[in-house]
Amino acid sequence: MFLDWSIPLKNFGLLATGAGFTLVLTIICFLLSMATGVLFGIGRSVSNNKPLYFLLTAYIEAIRNTPVLVQIFLIYRGLPQLGIYLSPIAAGIIAMVVNNTAYIAEIMRSGINSVYKGQWEAAKSIGLTTADTMISVILPQALRNVFPALVNQFILILFGTSLLSAIDVRELTQVAYILNSETFRTMEIFLFVMVIYYVLSLICTTILGWVNKKFFPAIHG
Amino acid sequence: MRKLLVFVFVSLFALIGVIGCQEGGSNAAATQEKSHLQQILERGKIVVGITLTFPPFGMQNAQGEPEGYEVDLAKALADSLGVELEIVDVVGEARIPSLETDKIDVMLGNFTRTLTRAQKIDFTDTYIVAAQRMIVQKGSSIKTVQDLAGKKVVVLRGSTNAEVMKSLGIDAEITYLATGAEGVLAVKNGQNDAFVEDSNFLAYQAKMNPELEVVGDALSLKEYQGFGIKKGDQQWLNYLNLFLFDVNYISGVNDELYMKWFGTNHPFPRNPEY
């Protein structure tokens, strides 16, 4: 088999657009999942409200124990039967956020639980309300503890967006599939795409590693 | 850090180079390999690739067993060789890679013979002829090919239809999906306006889904489907061509199978006059 690298190189612009869209999708999905994930994590770690705790647990267990591809199909292909029509991109983002919220909620719960309970008592003794304590004392420490796990989740989302190719979201993998179906240069295209994913992932971990150092410097120096 | 990055990149590209070389090496050896025909007879089994999401060509019955027009044809092929039949489900875009990597001995899968594809694999003679038409919801405003302009149209990844539409100058919004079932579902759900595919396949889908109908003149010239095999295996190609000559013109098995699955006679001559 001779490898013809001119196909991916000639279509580099197309692949780069796909890679850019993958990155944008990843960032949107991660930020939205963080917003809901933090709330759900708080709800599951400190709330005394039993029905809420039960609901959140049911949601998280249901999502974490089913495949994300099935969730994507359910939202994009299933909901139209109930009269809810979503564009592939909207359905894709919703599915990714629904999925990753469950994981991030669990990460945040473990982070919050890892903060020493003396911190709660100290905050109470200086007169902080529960909400104030959570926002100014507990969450910053929890975030520091779970930051590496969150970076991990970010990378999982980056790769997970490739599943959206199944509903024709034009991210990097779908662009590669289309290019492949026009040229049949499978080996060249997908090796090239692997390198692009590798570079994307490397850039993201480098930036997030810098964020970690800058905002959460090691306590023990 | 920078040194590390450079190192990682260099080693990655070196790795790709090595893979490239190995591919070249194994191919040189492959030319001296035994023909698939010999391999099949020796191991007593033929591995046939069929798209099992493309009824009635290939599908799965309630017990999960493959059935359909091409499955029956594959059975006839295995019987002619006196070997066991193994069917592998291969979607459209995986047809050529599966042949190139020897995952299957022969690909049925409603495989249109095009010049681009013939540069990568070899095709046998024709066993079925089709034209590309469109399936839409009943009462849709789409009546002819030209009506597709500006509409949301499904094509399957690995099919020739996106290129055909481009060459006709029809500027439609194209959705690329992997399987025929998803394409039909997208039109049924109203998420897409039309799905362009093989007329034989669509006619069967319209029969199964009364809210859909097949419209339009043939989108392209007629398409002559053959079996696909790995490039360069002349012995195997000769055998398959003789098998097709037999089922097409001598035993008539092909016509019987077409009648069984499509409920009509085969609409086009398989051996056109030039």
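This is a predicted model: local features need pLDDT of at least 70, side-chain atom pairs count only at pLDDT 80 or more; totals for chains, interfaces and linings use all residues.

Student: Is Asn110(B) buried or exposed?

Tutor: Asn110(B) lies in the loop between β5 (106-107) and α5 (115-118) of chain B, and its phi is near 50 degrees, a positive value in a residue other than glycine. Buried means under 20% relative accessible area. With a relative accessible area of 7%, Asn110(B) is therefore buried.

Student: What is the phi of Asp168(A), which is not a glycine?

Tutor: Asp168(A) is found in the loop between α7 (130-160) and α8 (172-183) of chain A, where it is buried, with a relative accessible area of 8%. Although Asp168(A) is not a glycine, its phi is positive, at about 60 degrees.

Student: Which strands stand at the edges of the open sheet of five strands in chain B, and why is one side of each left without a neighbour?

Tutor: The strand order in this open sheet of chain B is β9-β8-β10-β7-β11, and the pairing is mixed. Each of the two edge strands has a single partner strand, so one side of each is left without a neighbour in the sheet; these strands of chain B are β9 (173-177) and β11 (212-215).

Student: What is the bridge partner of Gln132(B) in β10(B)?

Tutor: Strands β7 (residues 132-137) and β10 (residues 194-198) of chain B pair in the antiparallel sense, over four bridges. Helix α8 (residues 199-208) of chain B lies across β7, β10 and β11 of that chain, running at about 125 degrees to β10(B). Within β10(B), the bridge partner of Gln132(B) is Asp198(B).

Student: How many residues does the largest nonpolar core have, and which helix gives the largest share of this core?

Tutor: The largest nonpolar core has 46 residues, and Phe195(B) and Trp236(B) are among those with the most contacts inside it. This core draws at least three residues from each of domain 1 (36-129 + 224-262) and domain 2 (132-215) of chain B. The largest share of this core, seven residues, comes from helix α3 (residues 69-81) of chain B.

Technical notes
Residues are numbered from 1 along each chain as its sequence is written. Chains are lettered from A and ligands numbered from 1 in the order in which they are written. Side-chain values use heavy atoms; hydrogens and water are left out. A nonpolar core is a set of buried Ala, Val, Leu, Ile, Met, Phe, Trp, Tyr and Cys residues joined through side-chain atoms within 4.5 Å. Buried means under 20% relative accessible area, exposed over 50%, partly exposed in between (1.4 Å probe, protein chains only). Domain bounds come from an automatic or database domain assignment. Two strands pair if DSSP finds at least two bridges between them. Contact means heavy atoms within 4.5 Å. Axes are lines fitted to C-alpha atoms, for helices over the stretch in contact, and angles run from 0 to 180 degrees between N-to-C directions.
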